[in-house]
Amino acid sequence: MPEPVDKVSIQLKVNGKPYAVSVEPRMLLVELLREELDLTGTHVGCDTTYCGACTVLMNGATVKSCTMFAVQADGAEIQTVEGLEKDGQLHPIQKAFGDSYGLQCGYCTPGLMLSTLQLITKNHEPSETEIRKAIAGNTCRCTGYQNIFKAIRLAGHNLKGA
Amino acid sequence: MLGQLGDEAKLLAGGQSLIPLMKLRFANPRHLVDLNFVAGTSYIQEDNGAVKFGALTRHSEIENSPISQRFPILHDCAAGIADVQIRNRGTIGGSLAEADPSGDWATVLLTQKTDIRCLSPRQERTVPLSDFITDAYSTVLEHDELVREIVVKRPDKGSGGAYLAFKRSAPVYPTVSAAVQLTMKEDVCQHASIVLGCVGLVPVRAQEADEALRGRKIDDKVIATAMDAVRTAVDPQPDMRGSAEYKRTLAAALVKRAISIAMLRARGERVEVSHIYA
């Protein structure tokens with residue numbers, strides 16, 4: 001059995017809301033989000049830094065939350081899939097994934113939508129190559145990706161119009 | 001701090017190799033010292049014909065920097081490591097100090113004149129990259145010493161380089177990777193440096209291949225001689241990514257392609273490189 005360790009106090013913002021929590025230093029960021037903060041939209045897929053289901057934004061940049069300790073997010077702003085919707089209205093990216101059937105089982109979708117957010121915030125009209133590069137770290141085992149490509153293009157279009 | 005904690009402590013940079021290794025229990029450090037909150041460790045500066053990287057500069061910062069646009073082999077490397085999320089966290093100093101035989105930076109930077117500036121409570125010293133990595137996952141760093149800065153000399157005018165990795169998918173390590181730097185005077189190669197990754201315990205310098213190119217006009221025959229020298233120089237292990245013979249053939253093929261791109265870049269042409277996926 002691992003020996004007990006002292007907890008560390010950290011403060012962070014998740015989807016704009018401030019949290020002060022006490023965590024074991026070995027706790028992963030994804031465990032903090034899911035198990036302590038009850039934000040279960042961020043998924044654990046492979047838990048080996050491969051699949052990207054756990055992708056969240058930290059200070060505006062995508063990271064795999066299974067490959068960071070929660071204490072490393074001290075002082076950071078995290079955005080998860082729960083932060084996309086505003087006032088009961090779906091985010092243009094969420095709408096685009098629905099309208100384009102850019103998901104089947106949906107397990108990879110939260111991570112893909114956050115990778116999409118990082119991409120289209122800077123680039124409303126990404127080329128196919130740019131989309132490929134942007135989602136290379138997000139594995140989908142259902143769709144064959146074609147409808148995800150459509151969804152990302154539509155999301156860029158929606159965001160431009162918004 | 002490392003001095004106090006003793007040799008059971010390990011430094012945590014981007015964590016994109018170390019944290020997965022810890023999850024697999026391949027690494028089990030008693031203490032982790034997180035460098036990410038240390039200010040002033042992430043920067044890219046150009047100074048006196050050299051580019052200096054702070055040890056904690058993220059791959060994505062290098063990928064998106066104007067300097068790597070003008071030093072394209074650095075862009076090939078930074079923009080091709082794993083995927084966006086890993087590049088947002090992983091660092092150049094961490095990659096070099098980890099000395100994974102499949103890592104990208106050491107292979108690329110061995111084709112350049114690269115110095116590693118190391119810091120410990122006792123001393124500050126500069127070690128050429130060629131002496132820095134001693135074995136797989138091993139460097140000259142003492143347990144209380146860290147990488148502070150990486151200094152890469154800008155290649156001469158008329159010199160071009162390229163780095164190509166062959167991968168099964170983005171987030172995995174390459175099957176084989178090849179870095180080539182050529183200094184050309186018209187059609188004649190003045191200087192060549194060819195280094196292969198993932199085909200030995202440390203990056204492999206193919207010096208006989210360098211010799212095959214040096215002083216010659218680079219044509220198909222000369223390239224074929226260099227490719228044969230590459231096949232002999234590498235020492236790949238068979239694994240799930242392919243047999244030793246397959247990797248030898250792949251190494252030679254990647255070098256051929258990297259030579260053609262390096263020649264174009266030596267002439268000042270802009271060539272976009274993307275890694276090759278199986």
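Q: How many salt bridges does the rule find across the interface of domain 1 of chain A and domain 2 of chain A?
A: The rule finds zero salt bridges there. The term requires a side-chain nitrogen of Lys or Arg within 4 Å of a carboxyl oxygen of Asp or Glu. This is a predicted model, in which local features need pLDDT of at least 70 and side-chain atom pairs count only at pLDDT 80 or more, while totals for chains, interfaces and linings use all residues. Residues are numbered from 1 along each chain as its sequence is written, chains are lettered from A and ligands numbered from 1 in the order in which they are written, and side-chain values use heavy atoms, with hydrogens and water left out.

Q: What polar contact is counted between domain 1 of chain A and domain 2 of chain A?
A: Five residue pairs are in polar contact, both residues being at pLDDT 80 or more. A polar contact is a pair of N or O atoms within 3.5 Å; within protein, one must be able to donate a hydrogen and the other to accept it, and residues adjacent in sequence count only if both atoms are side-chain atoms. On the side of domain 1 of chain A that touches domain 2 of chain A, eight residues are nonpolar, nine polar and one charged. In this scheme Ala, Val, Leu, Ile, Met, Phe, Trp, Tyr, Cys and Pro are nonpolar, Asp, Glu, Lys and Arg are charged, and the others, Gly among them, are polar.

Q: Where are the domains of chain A, and how do you know?
A: The bounds come from an automatic or database domain assignment, and they give domain 1 as 8-81 and domain 2 as 92-161 of chain A. The centres of these two domains, taken over C-alpha atoms, are separated by 22 Å.

Q: What makes up the area buried between domain 1 of chain A and domain 2 of chain A?
A: Buried area is the accessible area (1.4 Å probe) that two parts lose on being put together, summed over both. Here the area is about 1,200 Å², and carbon and sulfur atoms give 56% of that. A:His43, A:Thr55 and A:Val81 supply 36% of what domain 1 of chain A buries against domain 2 of chain A, more than any other three residues.

Q: Why is A:Ser100 called buried?
A: Buried means under 20% relative accessible area, exposed means over 50%, and partly exposed lies in between (1.4 Å probe, protein chains only). A:Ser100 has a relative accessible area of 11%, and is therefore buried. Its place is the loop between α2 (92-99) and α3 (109-122) of chain A; helices (H or I, at least four residues) and strands (E, at least two) are DSSP runs, numbered from the N terminus. Not counting residues up to four places away in sequence, A:Ser100 touches A:Asn147, A:Lys150, A:Ala151 and A:Leu154, contact meaning heavy atoms within 4.5 Å.

Q: What makes the pair B:Arg117 and B:Glu124 a polar contact?
A: The side chains of B:Arg117 and B:Glu124 are joined at 2.6 Å, so the distance meets the limit for a polar contact.

Q: How do you know that B:Asp83 and A:Lys64 form a salt bridge?
A: The closest N and O atoms of B:Asp83 and A:Lys64 are 2.6 Å apart, and the pair therefore meets the distance limit for a salt bridge. Between chain B and chain A the count is three salt bridges and 12 residue pairs in polar contact. α6(B) gives the largest share of the side of chain B that touches chain A, six residues.

Q: What is the area buried between chain B and chain A?
A: The area is about 1,900 Å², with 55% given by carbon and sulfur atoms. In chain B, the residues B:Lys23, B:Gln85 and B:Arg89 lose the most area to chain A, together 32% of what that side buries.
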